[in-house]
Amino acid sequence: MSEMTTQILEESLGKTVLVRLKGGKGLRGKLGGFDQHLNLVLEDTDDISDPENVKKLGVIIVRGDNVIIISPPPR
C-alpha cells in the first residue's frame, strides 16, 4: 500500500466512507481501522447495494482482497 493511500485512510478514520466490493456490493460506514492488506473495520455500516432497501449491518470487518474502491469523505 502506498504512503498516499495510508495517509488518506488515516485522515478518514472516524469518518464515513463508501466502499465498493467485488460482486457489486456497496457499503457505507464509519472507518474504524485498517491494515496493510486493506482489511477494514467499518462501524455503523449500511449495505447500500440496493438504494430502495438499505440494510443496517452494524460493525463489520471487510477482507481487503474484496475491496475494489474506497471513497473517502470530501476534504
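## The hairpin of strands 2 and 3

In this predicted model, strand 2 and strand 3 form a hairpin with 5 residues between them. Strand 3 covers residues 40–47, and the two strands pair in the antiparallel sense over 6 bridges.

Now look at the turn itself. Leu 38 lies in the loop between strand 2 and strand 3, and its phi is near 70°, a positive value in a residue other than glycine. That is worth a second glance, because most residues other than glycine have a negative phi.

## Two aspartates in strand 3

Strand 3 holds Asp 44 and also Asp 46. Like Leu 38, Asp 44 is a residue other than glycine with a positive phi; for Asp 44 the value is near 50°.

Which of these two is buried, and which is exposed? Asp 44 has a relative accessible area of 56%, so it counts as exposed, the cut-off being over 50%. Asp 46 has a relative accessible area of 8%, so it counts as buried, the cut-off being under 20%.

What does Asp 46 touch, once its neighbours within four places in sequence are left aside? Its contacts are Gly 26, Leu 27 and Arg 28, together with Val 54, Lys 55 and Lys 56.

## Strand 1 and its two partners

Which residues of strand 1 make up its covered face? They are Val 17, Val 19 and Leu 21, while Thr 16, Leu 18 and Arg 20 form the uncovered one.

## The chain as a whole

Stepping back, the chain has 1 helix and 5 strands, and along the sequence they follow the pattern α-β-β-β-β-β. The radius of gyration is 12 Å, close to the 11 Å that the globule rule gives for 75 residues, so the chain is as compact as a globular protein of that length. Along the principal axes, the C-alpha atoms fill a box of roughly 35 × 25 × 20 Å.

How much of the chain is buried? Buried residues make up 25% of the 75 residues. Among contacts between residues at least 6 apart in sequence, 38% join residues at least 24 apart.

## Surface and charge

The chain exposes about 5000 Å², and carbon and sulfur atoms supply 52% of that area. As for charge, there are 10 positive and 11 negative side chains. The centres of these two sets lie 3 Å apart.

Key: Residues numbered from 1 in each chain as written. Predicted model: local features only at pLDDT ≥ 70, side-chain atom pairs only at ≥ 80, totals over all residues. Heavy atoms only, no water. Pairing = 2+ DSSP bridges. Helix = DSSP H or I, 4+ residues; strand = E, 2+ residues; numbered from the N terminus. Rg over C-alpha atoms; globule rule 2.2 N^0.38 Å. Buried < 20%, exposed > 50% of the residue type's maximum accessible area, 1.4 Å probe, protein only. Contact = heavy atoms within 4.5 Å. Areas by Shrake-Rupley, 256 points an atom, 1.4 Å probe, with all protein chains shown as cover. Lys, Arg positive; Asp, Glu negative; His and termini not counted. Charge placed at Lys NZ, Arg CZ, Asp CG, Glu CD.
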